[in-house]
Structures are given as C-alpha cells and as structure tokens.
Amino acid sequence: MWLSRLSIRRPVFMTMVVVMFMVLGLIGLDRLPVDLFPKVSLPVLTVILPYPGASPEQVEQEVVRPVEDAVAGLQGLDDLYSTARESVAVITLVFDMDAPIREVTAELRDRVHGLAAVLPDGVEDPIFRKIDPAATPVVTYAVAGEAGAELRELVERRIKPRLEQVDGVGAVTVRGGVVEEVRVDLDLARLAELRIPLEQVARQLGYDTRDIPGGHLRLGEARVGVRAAAQPATLDELGAIVLRGYPAPVYLRDVARIAREPAEPDTLARVDGRRAVTFEVVKEAGANTVEVADRAAEVIDALDLPDGVTVEAVVDTSTMVRDMAHEMRRSLVFGALMAVLVVYLFMVDWRSTLISATALPTSIVTTFFFMWLAGFSLNLLSLVGMALAIGILIDDAVVVREVIYRHLEEGEDPVRAALAGTAEVALAVLATTLSILAVFIPVGFIQGMVGQFFGEFGLTIAIAVAVSLFVAFTVDPMLSARLSRVVRPEDRGPVARRLLATLAAVDDGYRRLLGWALDHGRAVIGIAALLFLASLGMASLTGFEFLPRYDRARFEVKANLPPSVSIEAAEARAAEIEAIVRRSPEVEHVYTVVGVDGAIDRVVMRVLTRDKAHRDRTIYAVQDEVRARLAALPGVDVTVADPPMLEGAGMQRPVEIELSGPDLDVLERLADEVRVGLAALPGATDVTTSYRSPRPDLVVRVDRDRAGAAGLSAGQVGMALRMAVAGQVVGSFRDGERTLDIRLRAREDDRTPEGLMRNLVLLSPIPRADDPLGLGRPVSLGDVATLAVDSAPAQIERHDRQRTIRVSCGLQGRALSEVAGEAQAMLDALDLPPDVSARILGETELARDSLRNLLFALGLAVIFVYAVLASEFDSFVHPFTIMLSLPLAVVGAFATVFLAGWPVGIPTMLGIILLMGLVTKNAILLVDRANQFRAEGLAPREAMLRAGHRRLRPILMTSLAMILGMVPPAFSHGPGSEVNQPLALPVIGGLVASTLLTLVVVPVVWLGIEKLRRAREVEG
C-alpha cells in the first residue's frame, strides 16, 4: 500500500514523523493529569435553604413544598429529592445526562430567588451547589497544639489563605476547633420591665454595629467620602449602645450580659480519639491529584508555625493514586516484555524481535499525546486500558513482520519482501484494527455513569490501536527493508533449532487436527454449540453486580444517634465507637466528624488501615470484626462500609428499598416490616432505614383570640420565641483583622420552658391611658399561649414530591442480583395500601441501567464489526463466518468468571466487549488467506489447509502476546487489582478458548459455506 511504499522509499522522512509524534507524546505525558478515576460530570444540583429554629415539619410545609413546586418543571429533571431537617431544607435535583446544565442552573437560581416573597421571613439566602466528584478532597490535615480559638484562627488566617493560592486548589474546608463570637444574653424580665421588645434590640444593634456609608462631599477641589462610624471598637462601647433615651437612658449593658465566648458548635472534628482542627484541601475539577497534594505539602512544610503546633496529613488520597500509577507502570513494562519474548520465541530472530518490538514504545508514547488532546487523565481505567492493549499494540506489527520474514525465507530481497508482505496482509490487518475500533468507539460513547466512568477506557484503547496500525504500516516495513536478514538453519544455535523444531511439530499436529475437523464438521459444530450453551448456564449461576469492591486500605463507620442528642453526648458516643474501632491492630488513624452537615445526631468516621501488602487480613475481614463489635453497642445505628467509589457523588448503597406515600406513620410501619425481612436475607448486612425516631418537641400554641385582643399576631409571637431561643446574628464586632458575629438571644436562665412563658414579653401596641409614652403594654408569652409536649419527625425525606422512607443494606458474600431478586420477592409479598408504592433503587437500579447500556454498546459493536468486515471482504456471507469466533470467546470468558467465583459485573462486561474486537483477528487471518488461495484456484479444503498452515504462527504469536500482556493486571494484587482482575482475567479466558476453537470451528464453517456456494454455481 502507498503508506508502506512511502516509508520504504523515504525512511528519513518517516523517521522524523515518528520522532515528532513521540516528542509530542512525551509532552502530553508530562501534561496529563493523574487521578484515581476519570473525570465524571454528574448533572446534580443541590439547593440548601437554612431556616434557623424551624422543625422538620415546618421546613417541609413552608420551604420544601414551595421550592419543589417551583422547580418541578425544569428541563431534563429526572429525580427530585428533598430532605427536611431541623433548621434546614436540602433539595437535590438530578437531571438527565443531556440536560443543558448551565442554562438549567441559571433558571434554578432565578426560580428559587423568585420565591423570596413566598418563603417565611426567617429563611436565609439559598446556597446552590453542583455535585462534582472531580473536585474532591485530596488531603485532610489535622492541626495539633494548644486548645482554644487561636488554633482555628491560625488555620483560618495563615494556612487557609496560603493554600487557596496554590495552583489546582479549589477550596480549603476547615472543621473543628473553637469559633469565638460576641454573646449578648438578654435579661427578658428586665426588658419586660422596661417595656423594650426583642425586635427593637435586634434592630438597634443591627444599625449601631456597622459603619454606614454616606456618599461624598465636595470640599473645595477635593472630593471626600462620608461615612457614619458606628461599629464599636470594644465590648464596653458595644454595651454603651442606647436602646432607649427617654425618660432615662437605657443601655445595652443594663439588660444583657456581653462577653466573648466560644460559639456553640454543631460540628466537631476528632483525630485518633482527640478533638482537633482539621482542614481538607479540595482540588479543582480536572486538576492533577498528585501535583495538588505535593504543592500543598510544600506550602505546609514552608510555614513558620508557633512552637508546639504541628500539622499532619491524616487522609491522603494521592497515596493511592501514586501506588496505582506505579502498579500500572509495572504492568505495562512486564506486559511489554512478555509480548516481546513471545515474538522472539516464535521468530527465533533478534532482528525480527527488535523490529516488531519498536511498535510498543512508539504506539504507547504517541497515544499519550492524543489522550492529552482528548482531555483524558492517567487514571486507573485509562492505564488498565493501555495495559490490556499491550498485546494488541504489537499485534499488527507481528503479523506484518511474520509475513515479511516468510517472503525473505522464500528468497525475496528485503525491500521487495517488505512491500509484498505488507500488501499480502494489509486487508487482514486493516480489517482487524477497524474491528477493534468498531467495538471501542461505541464503548466511549455509552450513556449514563458507566459511559463517563469507562469512556476513557474504551477510547484510550481505540487511540492506541489506531496508532499501532499506523506504526505497523510505516515503521515495520521501513525497518524490515533496512535491517532484515535471513538466518540459515545451520547458523542457528541449539536452543533456536529446538524451538523451531517444536514449532514445526505444533504445525504438523495442527494440520492433522484441522484435516480431521474438516472431515467431521457436524461433530465440531455440535461440540462448539454445547460449550456455548454451557457457558451461558454458568453465567446465569454467577449473578450480577455493579462494580466489585476493592481494598483501599480504608473504610467508613457511620452512626445515627437519637435525634434529641446534644453535641456533647454525640461526641461521647463517637469516642466509644472510636475506642472499639481502634482495637483492631490494622487500624492506623481514625478521622471523625461529629455533626455531619450540621446534623448533630450523625457521626462519620474515616478509618485508615495499613496498606494491604502489610496486613495479614483483608480490609473486609477487618470490617467484619468491627461490625460485630459495634453490633453490641446500644442506642446507636451503625454501618460499616467501603468509602464511596466516587467521593462527593452521593453513591447509593447496593440495595435500597424506597417506600413512598403520604402518611409517615404508615410508611414507618411498612419500613419496619421491610427492615426485618431484608435483614433475614442471606448476604444482606448493615440493614438501616432513613426513618429517624420522633424527637420530643415543646409546642407553643398561640391563642389567636387572646393574642389578637392584645394587638399581636401569631407570627410576632413565633418570631420573638425564635429570637429568644435560637438566637440571631445581628451584627459584627471587629477585633483587629478578626471579625466576630454578635449573637443576640435570651440568657440561659430564661431559656427554659418556665422562664420563656413567664419572662418572654411582647408589647401590645393598643394605646392605654396608663401608657402616656406609648411604650406598649407588656404581654407575657404565658398570657397568649400554652405549652405542650409533643413529638415530631426528626427528618422528613421526599422523592418526586412524595414522602419516602428508605431501607437499605450492604452485601456480604452474595451477588447483588441474588439479594435484589429476593428483596423484590419479599416486596411482592407485602400487603401495601393503595396510596403506598415500593421499589428497589440503589446500586441495583444503577446496575440495571448500566447493563442495559452495555448490552446496547455490545449490540452496536457487533453491528459495526459486521459492517467493517462486509466492507473489507465485499461479502455478506464471510463476515458471519468470521464473527462465529464471538460466541466462542464468550465460552472462555464466562467459564473463567464461573471458576473464579465472581459475579458478572461492569468490568466483566467490558472485558467481553473487548473480546468482541480481539477474537475476530484470528478468523480474519484464516478467512482472508483461504480466500486468497481460492482466488489462485485451489479447492476449498486444500485452500483452508494451506491457510491454516500459513496463519498458525501469526495467530499463536499475536494471541499469546495479548494473553501475556494482560497477565499483570489479571494477576496483580496491588491497588485497584479488584477492579482490574474481573476485566482482564475473562479476556484471557476468552482469548484462550477463542484461539483454540477458532482454529477448528471457523475453518469448518468456511468450508461448508464454500461447498454451498460451489453447489449453487453448478446448479446455476
């Protein structure tokens, strides 16, 4: 072909082209970001609306429902989740992958801001977030030193600003420590006596604690700014604020205690059993994880910290990324060496080995350049794709080189042999490469999370294979024309002669086997069909899962405490759990957050263990031990599980049963039944429910008649109550560079049920003769309201505008499909009310959608492969002969999975799709050469026998090269091996089975088709 002729005639030009690509590849490698997984963009938006002091039912009725009504019609909205908790509403919107997320985000902001007139006055400004798994915490540091506000202040003022300037750092999140504020604790009785309402105090402080700009004045030719300086410089100045000037001045200090004190925390951080100040370094989307971690470490090392203060990394995700990249580099090198060794063992010629091996570094390095152009990263999946492609990359070069060498052995000069040999297999090599591309390009465009997760895997292989085709048609013929020599048998050493004799014996044995198979076609087809059916039976017994669990030397412990727990009690329970967890000798660090997202009753621990290479037990055995110990802990709902596959992506649990309906009491009863039933299923572990037991509530019921008679509304009463109990930030106090909140609330003695009913006083605006100054008549809370003890939901969850409760579980020792199937049978047996629905979500739903997408990609790949083969061979019939190797590959893949005892998961399905592109190669080489012999006039049987003889060596060479190239990821035990093995091992099994069966079955089918064709020609 013209490209090969150009390479042979213009070797300097082609050498420079290849060198240029390799230089660009090295530049691309240097610029490729390094991460654990590919960048996954999830169309998920979250709106957080704080409503201080409001109960979950209030939040649901007054905030969640109006927002749901407003956003329900957004374009592309798939799911709408809402959670109403005390003082906060969280609304999560999940859009389909094709939604115009930027436009939708802008419209979401407009719709929520447009509700300002509808939402209650106490609702604070909404917070909008886009879930981005690519912008995740890279390193979590713990700061140790003297307790107090100074330690957090050190992090906030000195460490955080420095880190935020680092390239690639998106944010620094600080947790724990002491946050100071100025506390203004009001004496409600004194305020009532002076007839000063709470609202007036709050309003007065809001004005008198800030400087108010007044514009500009022109003084002569100067333009001077004017401002009213009202911000107090000291606490004494704050206390000197006049609340009322007549008939005698009333100062703030007269009715309140003013002090700088630690704010009441709703979140605490603990490291290894002690309180700590921690900060998470969050990288920007697309930033290099390793580089961000290194730059952050450089900044920390360069800090001039006070004596006694230390900063230590307690969670470093870059360590796993480094280990994974190191493991993949080893796999690449080992696979390449094995592939080169295979070439030498079959060719027994160092020149042929060197020429063929040149394809590997050339193809790999050049691929890095195109990966960089495509915006990919070096991650677990793209690197394992390259490791799996090692054998494929040398495949084309080996086929071309083998044919060229055979032409040399037949007496042709190197240039003529290079041209003739390349032309002989050009069609077969092109068809093989296009078949692989036809498989992997659809994989790169699978929809859903699987498409984003494995897209780089498929496209990386496609890029590498396309580059290897270019190398096979240029570098290989060019080097063959310049370096090739024929080594005579008598000049070879004893080892080489023995290898050649072995290959000759294998060839003779195959000729006899092929002759027998061609004479016993029906038996061969019958055996192949039985093996295929048996493999399908084995696949049905293995079950199905989403993604395999893998050992990351860490796990999570989550605890749900009683809803009425205080932060101090929550920390005490967390300390108990930490002590139990740390009893396991493998545990190195325990990083705990008490009060996750402001929910005091939620505790999350990140438990770090020694690396699995330095442990006697698996991480799962450690989890089982911890789980068994924590099960005896009363009053705590604890789960032990792996960290989410994608941090920040809100990954769901394996099996989640969602019950939806209007009545929480009915849902609670059904959830209890489901929880008991799910816990009884073998393989279900850590069964939990999203329902939280009701918390006790003190309900102040306003008598509207009595309040109206006093000129007051129920809303005024409620606002005054919230300000007295929850408090309100009314201004700020500046202390040098520090700015402290000024929080106004009732003093502690008044923040009791009796104190509030007696001392919380509102002023009636109705004029009275005994109130000549118009200050208002004092009306205590007890005069217009009654107090009752009630209970209320601690949390209300909603899905698609209906109340829901979820019951979920983890898995242990069984496939996801098995547990999910039994859970569905349990649901079908439930007697559900008409207005209640139940369905299974979680990884079960994700796996179902992913399997559907992968089957679509598999079907598309088969269609594309047929189209490529039909175009290449200009035949509608022979592509079916070649594609018969596809079910033969499935035999080996499913048998391998069955023998390994794994469920069929997404990696296994991708491995089978990979096989669809690989196994057609052998059949293409056989059929292409047999067709050439038929065109030369040979009878069909003789044509296939000669084709088998000519193509046995390249088929065995390329198949062994691919198999050995995949051995490292298939049998590695390093980081990420649990994901690599279910992908690589079935490919090896499929290649072995397909190679052996294709060499026998495809010739039989081809011969049958040729006989039918000849019979039709005779009849015609």
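Which residues in helix 21 meet which residues in helix 26? In this predicted model, Val674, Gly677 and Leu678 come from helix 21, and they meet Ala823, Met826 and Leu827 from helix 26. Sort the residues of that contact by type and you get 5 nonpolar, 1 polar and no charged.

Now step back to the two helices themselves. Two packed helices are described by the angle between their axes and the distance between the axes. Here helix 21 covers residues 664-679 and helix 26 covers residues 816-828; they pack at an angle of about 145°, with their axes 10 Å apart. The crossing of helix 21 with helix 26 is right-handed.

Let's move on to helix 23, which runs over residues 714-725. Its 12 residues reach 17 Å from the first C-alpha to the last, close to the 16 Å expected at 1.5 Å a residue. Which of its residues are buried? They are Val717, Ala720, Leu721, Arg722, Met723 and Ala724, so an arginine is on that list too. After helix 23 comes Gly727, and its phi is positive, near 85°.

Last stop: Gly458, which you'll find in helix 16 (residues 448-483). Is Gly458 buried or exposed? Gly458 has a relative accessible area of 0%, and because the cut-off for buried is under 20%, it counts as buried. So what does Gly458 touch, once its neighbours within four places in sequence are left aside? Gly458 is in contact with Phe440 and Val443.

Conventions: Residues are numbered from 1 along each chain as its sequence is written. This is a predicted model: local features need pLDDT of at least 70, side-chain atom pairs count only at pLDDT 80 or more; totals for chains, interfaces and linings use all residues. Side-chain values use heavy atoms; hydrogens and water are left out. Helices (H or I, at least four residues) and strands (E, at least two) are DSSP runs, numbered from the N terminus. Buried means under 20% relative accessible area, exposed over 50%, partly exposed in between (1.4 Å probe, protein chains only). Contact means heavy atoms within 4.5 Å. The expected span of a helix is 1.5 Å times one less than its number of residues. Axes are lines fitted to C-alpha atoms, for helices over the stretch in contact, and angles run from 0 to 180 degrees between N-to-C directions. A crossing is left-handed if the near helix is turned anticlockwise from the far one by less than a right angle, and right-handed if clockwise. Ala, Val, Leu, Ile, Met, Phe, Trp, Tyr, Cys and Pro count as nonpolar, Asp, Glu, Lys and Arg as charged, and the others, Gly among them, as polar.
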